Amino acid sequence: MKPIDLVLDLISSANDHGSFQIISPYITVKPIRSIQRAIGNDTHLEVTAVFSYELFANGSSSLGAFSILSKRANTVIYAVDNLHAKVYISGKSALIGSANCTDRGLGLSSQSNIELLSMV
């Protein structure tokens with residue numbers, strides 16, 4: 001099972017709880033599109049990430065992902081320097097681990113990382 005599958009499973013309960021939260025230093029377009037397709041329009045989405053020119057320039061994070069998020073209703077984006085946590089939260093359930101909200105982190109790339117997400 002890919003980490004994105006765990007996140008999408010958690011999103012199904014987010015639609016029941018009315019909110020979903022992503023905490024990840026790096027964010028790219030492909031997982032944000034997958035999450036946006038799965039999350040309900042009425043579900044409140046909070047995203048906390050690092051917003052850095054260097055990350056956009058070296059491809060670790062994508063300005064396009066933030067553009068997509070900024071156009072979605074019911075979405076709040078927080079920028080935090082030195083963020084290292086990777087957490088996906090719905091209600092009282094959370095996935096905590098090493099998987100950034102990126103193609104490689106969530107298993108959406110042919111060169112994906114080996115990541116861990118644990119349900120708490």
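Modeller: One term before we start: buried means under 20% relative accessible area, exposed means over 50%, and partly exposed is in between. Also, this is a predicted model.

Biologist: Fine. Is F66 buried or exposed?
Modeller: F66 has a relative accessible area of 7%. The cut-off for buried is under 20%, so F66 is buried.

Biologist: How many aromatic pairs does a search of the whole structure find?
Modeller: Three aromatic pairs turn up. One of them is F51 with F66, an edge-to-face pair. The centres are 5.1 Å apart, with 80° between the planes.

Biologist: Where do F51 and F66 lie?
Modeller: F51 is in the loop between β2 (44–49) and α3 (53–58). F66 belongs to helix α4, residues 63–71.

Biologist: What about the rings of F56 and F66?
Modeller: Their centres are 5.8 Å apart and their planes stand at 75°. Edge-to-face needs planes over 60 degrees apart, so this pair qualifies. F56 is in helix α3 and F66 in helix α4, 10 residues apart, and the pair links these distant parts of the chain. Both F56 and F66 are buried.

Biologist: Which residues do the ring pairs link into a cluster?
Modeller: F51, F56 and F66.

Biologist: Switching to the sheet. In what order do the strands come?
Modeller: The order is β3-β2-β1-β4-β5-β6. That makes six strands in an open sheet, with mixed pairing.

Biologist: Which strands stand at the edges?
Modeller: β3 (75–79) and β6 (117–119). Each has a single partner strand, so one side of each has no neighbour in the sheet. From one strand to the next, the twist averages 15°.

Biologist: How many bridges join β2 to β3?
Modeller: Five, and the two strands run parallel. As an example, A49 has A79 in β3 as its bridge partner.

Biologist: Last topic. What volume does the largest pocket have?
Modeller: About 150 Å³.

Biologist: Which residues line the largest pocket?
Modeller: Y26, T28, G59, S60, N100, T102, D103, R104, G105, N113 and E115. By class, the lining has one nonpolar, seven polar and three charged residues.

Technical notes. Residues numbered from 1 in each chain as written. Predicted model: local features only at pLDDT ≥ 70, side-chain atom pairs only at ≥ 80, totals over all residues. Heavy atoms only, no water. 1 Å grid on protein atoms, 1.4 Å probe; cavity = no way out; pocket = protein on both sides within 12 Å on 5 of 7 lines; lining within 4 Å. Points joined across faces, edges and corners; volume = space filled by probe spheres on them. Nonpolar A, V, L, I, M, F, W, Y, C, P; charged D, E, K, R; others polar. Phe/Tyr/Trp six-rings, centres within 6.5 Å; stacked < 30°, edge-to-face > 60°. Helix = DSSP H or I, 4+ residues; strand = E, 2+ residues; numbered from the N terminus. Buried < 20%, exposed > 50% of the residue type's maximum accessible area, 1.4 Å probe, protein only. Pairing = 2+ DSSP bridges. Axes fitted to C-alpha atoms, helices over the stretch in contact; angles between N-to-C directions.
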